[in-house]
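I opened the notebook to record what I looked up, entry by entry. The sequence and structure come just below.

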Amino acid sequence: MKTIPIFIWIFLFHDASSDCGCQKLDRNTTPDGEKAPLPDQVCQQRAQGASHYRDYYGELEAEIADMSLIPGGSYLLGTDNPHFPADREGPERQVKLEDFYMDKYEVSNDAFAKFVLDTNYTTEAERFGDSFLFKSLLSPSEQRELEDFRVASAVWWYKVAGVSWRHPNGVDSSLENLGRHPVVHVSWRDAVEYCKWVGKRLPTEVEWESACRGGKDRKLYPWGNKLMPRGEHWTNIWQGDFPDGNLADDGFEFTSPVDTFRQNVYDLHNMVGNVWEWTADLWDANDVSDNPNRVKKGGSYLCHKSYCYRYRCAARSQNTEDSSAGNLGFRCAKNA
Ligand SMILES: [Ca+2]
Ligand SMILES: [Ca+2]
């Protein structure tokens, strides 16, 4: 009777070795161009068909300590039931991906501050001298003063001088108690520079969406189709009437800390909701202008079903590379 478990053990670990090169912990590419091996724990979990990766990253090197391995393979992305057809959410399509690493969290103010301290980097919003702020962060008199600086198609956004990642909620605001909140008022170019500094890169849209889906096909959210499983909030979005009655039933009127709302088996947090996330992709692949639109994913704490039902994995939107706002951040990815 004891031969069965032994047989299974041999099968699993033989499979792990041949697929992953588990005996080698050096992740550098080998001289002959062979793909770098994956760490032991991850290989073994993959070989055993485990869907939870979160307990197997403790001993990995610091550079991927807060990242999850997204297993390569064939994934269905997009949808044939688009909520916003003009956003080109469809059609559903099959893509093939290599393994890659994805940040578990949106980039935080603390992390971005280290980058700025090290490089003396100045964000585009700081150079422009302004960024876009949501109306409820302005007093009624400030709203009257700035009414000519609203976005015509979305009058709840005001262009406000002095707002930047350092002053995210108004010119007099600070980062106090916001260290673990996502950095905002960062442009696509700012995001690219941060990811480079940390030895990573922005995820492509295909990578972002496959990571969002957590290995599930045709589901709306990273965890499934039900917005509130067991009646609990799984994402930081808007409850109540938009744009004047935010009930904040999920606990957050504005951003939430980056490690709230774990959303799928890849241990990714706040993929949908909290802040929109820049991806590497052009909105229009043929755009050769100086300031093209880039794809952003995931929706934000300002999204409500009645207005911006974009806190779905297939949803997408766009901003020009130099854009910044109080609900737009990013996370980084890395080749495996
Ligand atoms: Ca909320
Ligand atoms: Ca997000």
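Two strands pair if DSSP finds at least two bridges between them; helices (H or I, at least four residues) and strands (E, at least two) are DSSP runs, numbered from the N terminus. I note that this is a predicted model, where local features need pLDDT of at least 70, side-chain atom pairs count only at pLDDT 80 or more, and totals for chains, interfaces and linings use all residues. Residues are numbered from 1 along each chain as its sequence is written, and chains are lettered from A and ligands numbered from 1 in the order in which they are written.

Entry, sheet. I found 4 strands in an open sheet, ordered β12-β11-β10-β13, with mixed pairing. β12 (317–320) and β13 (328–329) are at the edges with a single partner strand each, so one side of each has no neighbour in the sheet. β10 pairs with β11 (residues 293–297) in the antiparallel sense over 3 bridges. I looked up Trp278 and found Lys296 in β11 as its bridge partner.

Entry, helix α6. Its buried residues (20 or more other C-beta atoms within 10 Å of their own, C-beta atoms being placed from the backbone) are Trp188, Asp190, Ala191, Tyr194 and Cys195. They fall within an arc of 155° seen down the axis of α6, so they line one face of the helix; the arc is that of the directions from the helix axis to the C-beta atoms. After α6 comes Gly199, with a positive phi near 80°.

Entry, Leu202. Leaving out residues up to four places away in sequence, I found that Leu202 touches (C-beta atoms within 7 Å) residues including Ala191, Cys195, Trp278 and Phe330.

Notes: Contact = placed C-beta atoms within 7 Å. Buried ≥ 20, exposed ≤ 12 C-beta atoms within 10 Å, placed from the backbone.
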